Amino acid sequence: MTHDVDEQPQRLRDKISALPAEPGVYLFFDDHAQVIYVGKATSLRSRVRSYFQPGSDDGRPLFRFIVRATHDLECIVCNTELEALLLENNLIKKHRPRYNVRLRDDKAYLSLRLTTAEEWPRVQLIRAWKDDGNAYFGPFSSAQSVREMLRVIRKFIPLRTCSNGFFKSRKRPCMEYEIGQCTAPCVGLDDAAGYARMVEETLLFLSGKNQTLIPLLEQKMQDYSTQQQFERAAKVRDQIASIERVFEKQKVQAVNIGDVDIFGLHRKNDFFSIQVFLARDGKLIQSSTHAFRTHLTPGEVLSSFLGQFYAGDRYIPRELFVPFDFDDRPLLEEWLSSRRERRVQVLVPQRGSKKRFVEMASRNAEVNSQTDERLQQSVEALAESLASHLGLGRPVQKVECYDISGIQGTLQVASRVVFEDGEPAPALYRRYKIQSVIGTDDFASMLEVLARRFKPSPKRDPLPDLVVVDGGKGQISSALEALRSLDVDVPVIGLAKQRRKQDKITTERVFVPGRSTPLDLAQDTPESLFLQRIRDEAHRFANTYHRELRRKKQLATGLEEIPGVGKQRREALLRHFGTLDKIRKATLEELTAVPGMTAKSAQATHTFFHGE
């Protein structure tokens, strides 16, 4: 259902007329109660009214789309415009509105931390940077290159990898020492000077100072050869070769601009492409292109993109280069500066190498947009075609698929996987333990899972455009029963395999409520292949969870149910007695004598096996 400006429901008009003239965030809902747009405003009254006043759309198509689709609205008043900016970013991330800019992958890039603030430093893989006195390196655009660097460090520079608690509790070397990947400083087998030399090598390696590190290692190799320690010399030789391979693979470009993020933008009609370059320590690292379709203006796109891009625990450099100025730039500078706790500038370079970098980013965005737009068009065509085949009123952009997994009624679990715009959205995956069903009953299990998923709650995820269940009419009936009981209006279909005995061919059958026969959908069509892909992903995710629970059950010691006896005390009991049978037969005095056991925990253990 859509509305023109003069056809808005009276209830909606009343809400618009009562809006306060204060800063805040507004949300527009369609007739399915789905959030379709989130925006911020210095004055909620002026901003929201501008959408619904005849002739006030400034020629922007977005106004017309929003007005026609809006069925209801909600406003949240904030103290400042900066608070509204933060809330807007959070709500866009939560609701994924149709008309907002939506980043598919907003995770921070991987970085490495060398804990130089600790007495015995170690290297850690992290995403969030903190001002904690440690040395940080990155972020890196390639997870593979980061893991290769970690592999080289752990193989040739045997720094500790254990936690501080584990390090302090050691009485003898652990397995890492036995295999040559740690020097066991925890038990005094390495001194501070020797360990510091390894830390220095690691700093040079992670800083990319191979021209300093390689000669140092070559001299070290020569010294070992002179001392006829040929095995050690050979290991250093291999270390040099590995380091050279790492730097060859990275192929970073020196740019001499310090730490800066560079953004380029390309627009073709309503299709936008943004390219991000990351420069760290004078080296340029290219990130992926972000592409999306929207009717927002270029300034609104860039503002919304930057707000979401830095919303997580992402490293924020001291400077950002952008291709043009926009209204929210001072507000973004204030927010980013507060996040970094140092001044951050969002600059529009006008000349020199800085301007060339922005132009290069925009050119890359233009080149990549040609491929991205074709991909986007195929995704949109699939969404429209699938909706047409299923008789739905709008494109299928977000799909949830559910699968039940179990063996002979034991450890029944379920999975939910989500695809958005034709691609998996792992951050929205969920897994469930079946709680109310005893034995094997897929219908009842499906009913329970969907009732839990769609139960009204402020924390409930936004509704999908389509629910797919793995199964036929029985699973569909359970799904529909759960949705009707919660007054949730979401289309449901079932997907089941059928094996034809005569030609031994397995086909897919698509069950749609209200149809007596499965939908006639050819097996090799994009629509059928997409449904199979999401169903197989749900099956994989459910089976993975089921195997994990089975493994944990097999590793259970039999002591998990004792009140007051946690993991460390269970391990202490097993170390002391050796077997579960000996623990069962132990007296109260023997249990109390176990290191780490208190009188209360010893009594609880004795009572567990012997009663009061």
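This is a predicted model: local features need pLDDT of at least 70, side-chain atom pairs count only at pLDDT 80 or more; totals for chains, interfaces and linings use all residues.
Me: What makes up the protein in terms of helices and strands, and what share of its residues is buried?
Reply: The protein has 20 helices and 19 strands. Of its 612 residues, 46% are buried. The protein exposes about 31800 Å², and carbon and sulfur atoms supply 49% of that area.

Me: Why is the aromatic pair of Phe305 and Phe309 called stacked?
Reply: The structure holds 17 aromatic pairs. In the pair of Phe305 and Phe309, the ring centres are 5.5 Å apart and the planes are at 20°. Ring centres within 6.5 Å make a pair, and planes under 30 degrees apart count as stacked. Therefore 5.5 Å makes Phe305 and Phe309 a pair, and 20° makes that pair stacked.

Me: What separates Phe305 and Phe309 along helix 11?
Reply: Phe305 and Phe309 are four residues apart in helix 11 (residues 298-309), so about one helical turn separates them.

Me: How do you know whether Phe305 and Phe309 are buried or exposed?
Reply: Buried means under 20% relative accessible area. Phe305 has 0%, so Phe305 is buried. Phe309 has 2%, so Phe309 counts as buried.

Me: Why is the pair of Phe419 and Phe530 edge-to-face?
Reply: The ring centres of Phe419 and Phe530 are 5.8 Å apart, and their planes are at 70°. Planes over 60 degrees apart count as edge-to-face, so the 70° of Phe419 and Phe530 puts the pair in that class. The pair links distant parts of the chain, with Phe419 in strand 14 (residues 410-420) and Phe530 in helix 16 (residues 526-554), 111 residues apart. Both Phe419 and Phe530 are buried.

Me: Which residues form one aromatic cluster with Phe305 and Phe309?
Reply: Phe263, Phe292 and Tyr310 form one aromatic cluster with Phe305 and Phe309.

Me: How do you know that Arg160 lies over the face of Phe167?
Reply: Arg160 is at 4.7 Å from the ring centre of Phe167 and lies over its face. The distance limit is 6 Å, so 4.7 Å meets it. Arg453 likewise lies over the face of Phe454, at 4.4 Å from the ring centre.

Me: What makes up the largest nonpolar core, and which residues have the most contacts inside it?
Reply: The largest nonpolar core has 45 residues, and those with the most contacts inside it are Phe28, Tyr37, Phe263, Phe305, Leu306 and Tyr310. Helix 11 supplies the largest share of this core, five residues. Another core lies apart from it, with 31 residues, among them Val123, Leu150, Leu204 and Leu213. In soluble globular proteins, nonpolar side chains tend to be buried together.

Me: What is Leu306 in contact with, leaving aside its neighbours within four places in sequence?
Reply: Leu306 is in contact with Phe263, Leu320, Val322, Phe326, Leu332 and Trp335, leaving aside those neighbours.

Me: Why is the contact between Arg452 and Glu448 called a salt bridge?
Reply: The closest N and O atoms of Arg452 and Glu448 are 2.8 Å apart. The limit is 4 Å, so 2.8 Å qualifies as a salt bridge. Arg452 and Glu448 both lie in helix 14 (residues 442-454), four residues apart, about one turn of the helix. Side chains of opposite charge can pair when their charged atoms come close.

Me: How many salt bridges does the whole structure hold, and which residues are linked in a network?
Reply: A search of the whole structure finds 29 salt bridges. Asp30, Arg98, Arg394 and Asp465 are linked in a network of salt bridges.

Me: Why does Phe137 count as buried, and where is it?
Reply: Phe137 is in strand 6 (residues 135-140). Its relative accessible area is 6%, under 20%, so Phe137 is buried. Leaving aside neighbours within four places in sequence, the contacts of Phe137 include Trp129, Leu203 and Leu206.

Notes
Residues are numbered from 1 along each chain as its sequence is written. Side-chain values use heavy atoms; hydrogens and water are left out. Rings of Phe, Tyr and Trp (its six-membered ring) pair if their centres lie within 6.5 Å; planes under 30 degrees apart count as stacked, over 60 as edge-to-face and the rest as tilted. Helices (H or I, at least four residues) and strands (E, at least two) are DSSP runs, numbered from the N terminus. Buried means under 20% relative accessible area, exposed over 50%, partly exposed in between (1.4 Å probe, protein chains only). A charge sits over a ring if NZ of Lys or CZ of Arg is within 6 Å of the ring centre and within 35 degrees of the ring normal. A nonpolar core is a set of buried Ala, Val, Leu, Ile, Met, Phe, Trp, Tyr and Cys residues joined through side-chain atoms within 4.5 Å. Contact means heavy atoms within 4.5 Å. A salt bridge is a side-chain nitrogen of Lys or Arg within 4 Å of a carboxyl oxygen of Asp or Glu. Accessible areas come from the Shrake-Rupley method with a 1.4 Å probe; for residues, only the protein chains shown count as cover.
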